[in-house]
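Subject: Structure for you to look at, with notes

Dear colleague,

I am passing on the structure below, and I would be glad if you opened it beside these notes and followed them residue by residue.

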Amino acid sequence: MSSASKTAADKDAAKGVAFGVIAYTLWGCFPLFFALFDGVPAWEILTHRILWACLFLVLVVTVLGRWQPVREALRAPRLLVRVLGCALLIGFNWGLYIYAVETHHVLQASLGYFMTPLVNVALGMLVLRERMSRLQGAAVAIAIVAIGVQLVGLGGLPWISICLALSFGTYGLLRKQVSLDGLSGLFVETLILLPLGLLAVAWFEIAGLSHFGGTAHNTTLLIASGALTALPLLAFAGAARRLRLSTVGFLMYINPTLQFLIALLIFREPLGTLQLITFVLIWLGLTLYSLSAWQGRHAGAK
């Protein structure tokens, strides 16, 4: 590779890292945004998030001229079945995440997203029959022990963490089987959810429970939720095109780390000894997972 080509590749990689940092930082700061809502229930925020994200994505897809893959997806029934599964999973994940912020369980949300890579490894083995390395197996085993610590010590499962990790991990599993780029995929997913979102918004209005239009504060936030759903994804797409998957995977830890710090330092959520032990075990599992990914990357390079 010539020096000019290497310089261009380095600049492109630097742009990719910048896009990745922007994407995961925005996702990591989402608790600060959802905490701004005044008395709006999570499921109403979710319905408006779907509605306004869909409208915002119509604009983005039009400006970028990306209607062709969307049209092809809408004409493929088998593909739409899988996209429907993705849409329901991501919708559930969004709603539960908003609920976690509203009920002051951001630490549990953070734990859930820390657990997601380990859930991906387990799902890959169970569903796709992928081979699990010893380090990956140890990482998954440590995650199971971490959940057991909370079950035995606190008398209950961290269900928000588990549901967030399982829903997002399963979403990723299905998403791999859908031949759509990130932007087109998200648009088709929100388009499929749009009828349900419109019905829910209509029900809130008829029942007199709607907060849309009640105050400028909540109305502005509900509309802004659509753009904030799409913007990190656009940045993530820019990163994914320029970086190796392993690099994107390491950047992913920015998201739950920021959530963890926001929960502790800004929301002042209590972190008990058993919860701290759970986090330490998950971090240990992630260290082994990252080491396995690093070894795999270097083995593949030989």
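The largest share of the lining of the second largest pocket, 6 residues, is supplied by α6. Before going further, please keep in mind that this is a predicted model, in which local features need pLDDT of at least 70 and side-chain atom pairs count only at pLDDT 80 or more, while totals for chains, interfaces and linings use all residues. Residues are numbered from 1 along each chain as its sequence is written, and side-chain values use heavy atoms, with hydrogens and water left out.

The pocket

A pocket here is an open set of points on a 1 Å grid over the protein atoms alone, where a 1.4 Å probe fits and where protein lies on both sides within 12 Å along at least five of seven lines; its lining residues have an atom within 4 Å of a point. The second largest pocket has a volume of about 230 Å³, a volume being the space filled by probe spheres set on the points, which are joined across faces, edges and corners. Its lining is made up of 13 residues, and those that lie nearest the centre are M115, V119, A122, V140 and I144. At least two lining residues come from each of α6 (106–126), α7 (134–154) and α8 (159–175), where helices (H or I, at least four residues) are DSSP runs numbered from the N terminus, as are strands (E, at least two).

The nonpolar cores

A nonpolar core is a set of buried Ala, Val, Leu, Ile, Met, Phe, Trp, Tyr and Cys residues joined through side-chain atoms within 4.5 Å; buried means under 20% relative accessible area, exposed means over 50%, and partly exposed lies in between (1.4 Å probe, protein chains only). The largest such core has 42 residues, of which F34, F37, I45, Y97, M115, L164 and I282 touch the most other members. To this core α6 gives the most, with 10 residues. There is also a second, separate core of 26 residues, which includes C54, V61, L79 and I90. Returning to F34, its contacts (heavy atoms within 4.5 Å), not counting residues up to four places away in sequence, are I45, R49, Y97, I98 and V101.

By comparison, A224, in helix α10 (residues 216–242), counts as partly exposed because its relative accessibility is 27%.

Two loop residues

In the loop between α12 (254–266) and α13 lies R268, a residue other than glycine whose phi is positive and near 55°, and which is exposed with a relative accessible area of 64%.

The annotated span

An unreviewed UniProt entry carries the annotation "domain: EamA" for residues 15–148; positions are given in the numbering used here, feature names are shortened, and annotations may be inferred rather than shown by experiment. In the model this span is 84% helix and 0% strand, and its end C-alpha atoms lie 41 Å apart.

With best wishes
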